[in-house]
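Colleague: Could we take a close look at how the two parts of this chain are placed against each other? I would like the details in one connected account.

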Amino acid sequence: MSEEHKQYLKKQRIHKLVIRIIQIGILILIFGLWELSAYLEWSDPFITSSPSRVVKSIANLYTSGQLFTHLGATLWETVVSFLLSTVLGTAIAVILWWSETVRRVLEPYLIVLNSLPKVALGPLIIIWVGAGRTAIVTMALMICLIITVISALTGFMSVDEEKIQLMRSMGANKFQILSKLILPANIPNILSILKINVGLSWVGTIMGEYLVSREGIGYLLVYGSQVFKLDLVMASTLLLCVLATAMYLVVALAEKLISRFY
Amino acid sequence: MALLELKNVSLIYHSHDGETEALSDISLEVASGEFVAIVGPSGCGKTTLLSILAGLIAPSDGEVLVKGRPVGEARNVTALMPQRDQLFEWRSIYRNVLLGPEIKRNKDKEICAYADELLTKYGLGEFRKKRPSELSGGMRQRAALIRTLVTKPELLLLDEPFSALDFQTRLTVCDDVERIIREEGKTAVLVTHDISEAISMSDKVVVLSSRPACVEKIYDITLDKSIPPLKRREQKSFPVYFRSIWKDMEAPNE
């Protein structure tokens with residue numbers, strides 16, 4: 001290795017380290033100022049809470065045994081709606097790819113459903129499927145499903161026509177074109193849909209929990225604000241940050257693993 | 001008997017804006033072992049004609065016979081090599097080459113051995129486990145050709161197979177492909193817009209007119225075929241053919 005290259009590598013390492021230090025510094029600064037402002041009573045901790053009160057709030061949830069009930073409920077709903085919307089959405093996209101007639105018939109409906117703010121369906125969902133977990137999962141499903149169908153279908157339709165012609169010239173039937181060309185060609189596309197869906201299923205779940213729930217992070221947020229326990233609201237928000245990021249990282253890791261075999 | 005016969009083939013495209021006559025009364029014969037190039041002004045319907053030969057589009061009128069049978073029944077006799085190599089990135093070169101047999105559900109030990117043999121013979125043996133993106137443009141084209149050869153077709157249909165390559169690669173791949181096709185004793189129909197390529201590779205050049213395409217002229221190429229296409233371009237009669245074909249393609253369509 002040349003001296004110049006060594007210098008280059010060293011520079012890169014230092015640059016990376018500096019960025020990491022600044023990142024952590026910003027975090028410490030934010031929490032520090034937050035704590036300080038509450039301690040020196042620049043702001044009213046009753047309204048703005050403070051890191052120490054948030055920690056206390058989380059500890060209380062833990063000792064009363066509620067922490068994992070709430071986390072578990074929300075996580076379950078998110079994961080179920082995430083998986084359901086991905087599987088269902090891809091399956092529907094396959095059907096739409098398969099039949100041009102079905103695709104053209106359903107096109108305006110897809111556009112309307114995609115434009116509709118799905119939260120508007122909340123009251124209907126509660127009445128139709130009952131006020132419970134099913135309603136929350138349905139809500140999240142509504143939010144993720146249509147966009148999954150549309151993005152997956154776009155990916156399916158953009159496979160090079162010449163590849164399809166090649167397969168047809170070999171005598172391939174439609175199922176073979178689907179299984180040997182369309183689906184494998186779309187694995188990167190489906191993986192990126194997964195990443196979008198992680199975020200959307202969190203939106204859907206929290207939305208659903210706002211509307212109807214007796215447990216979960218969304219419930220804690222609503223309950224906390226109603227009884228004016230801002231410590232609880234802040235604690236829930238922080239927990240949500242951690243969980244959502246963790247789930248995103250899991251999906252990103254899965255993507256990395258799959259694309260290595262791909 | 002001719003391996004491929006076109007009898008008065010016409011094609012009319014139907015679209016929302018009306019109908020367009022793409023091919024008009026094309027008759028043509030390709031004998032077994034012959035290398036035929038089809039040239040014509042761009043947009044004249046060369047690729048459409050090839051799609052008809054591959055049985056992908058049915059002509060509006062006329063007949064396409066492969067070994068005396070309608071082309072639809074002769075799927076195993078023909079194989080298509082598309083414009084770009086169209087290798088599947090998620091498959092290794094070896095599995096790409098075996099796509100045809102996999103689709104026809106006749107992938108057995110014998111065919112796998114044949115695929116291996118072809119890959120080794122044409123310099124891709126050590127690349128069989130590699131992904132297409134790890135190969136050079138020329139090697140990819142060779143892999144695409146082996147993919148068409150693996151199903152043991154008698155008639156190869158080449159749709160401007162070099163159009164995506166840079167000039168230098170194009171000339172060497174041209175030599176490669178011509179040699180491989182002659183060595184394997186295949187019959188080939190090549191569609192191209194490159195007149196030099198057509199003259200240097202083939203036994204017969206068919207010149208199509210602009211749309212609606214009909215056969216303008218057919219040239220028997222009498223260049224010395226024992227030398228590679230690139231060298232054939234140096235022969236005396238080469239520019240004579242070139243000028244003549246160039247003129248045909250310029251000629252306004254009556």
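How many Å separate the centres of domain 1 of chain B and domain 2 of chain B, taken over C-alpha atoms?

Modeller: Taken over C-alpha atoms, the two centres are 25 Å apart. This is a predicted model, in which local features need pLDDT of at least 70 and side-chain atom pairs count only at pLDDT 80 or more, while totals for chains, interfaces and linings use all residues. Residues are numbered from 1 along each chain as its sequence is written, and chains are lettered from A and ligands numbered from 1 in the order in which they are written.

Domain 1 of chain B comprises 4–77 + 154–250, and domain 2 comprises 86–152 (bounds from an automatic or database domain assignment). Where they meet, nine residues of domain 2 of chain B are in contact (C-beta atoms, placed from the backbone, within 7 Å) with 11 residues of domain 1 of chain B. Helix α6 (residues 167–183) of chain B supplies six residues, the largest share of the domain 1 side (helices, H or I, have at least four residues and strands, E, at least two, as DSSP runs numbered from the N terminus). That side of domain 1 of chain B divides into six nonpolar, three polar and two charged residues (Ala, Val, Leu, Ile, Met, Phe, Trp, Tyr, Cys and Pro are nonpolar, Asp, Glu, Lys and Arg charged, the others, Gly among them, polar).

Of the contacts in chain B between residues at least 6 apart in sequence, 71% join residues at least 24 apart.

Technical notes: Contact = placed C-beta atoms within 7 Å.
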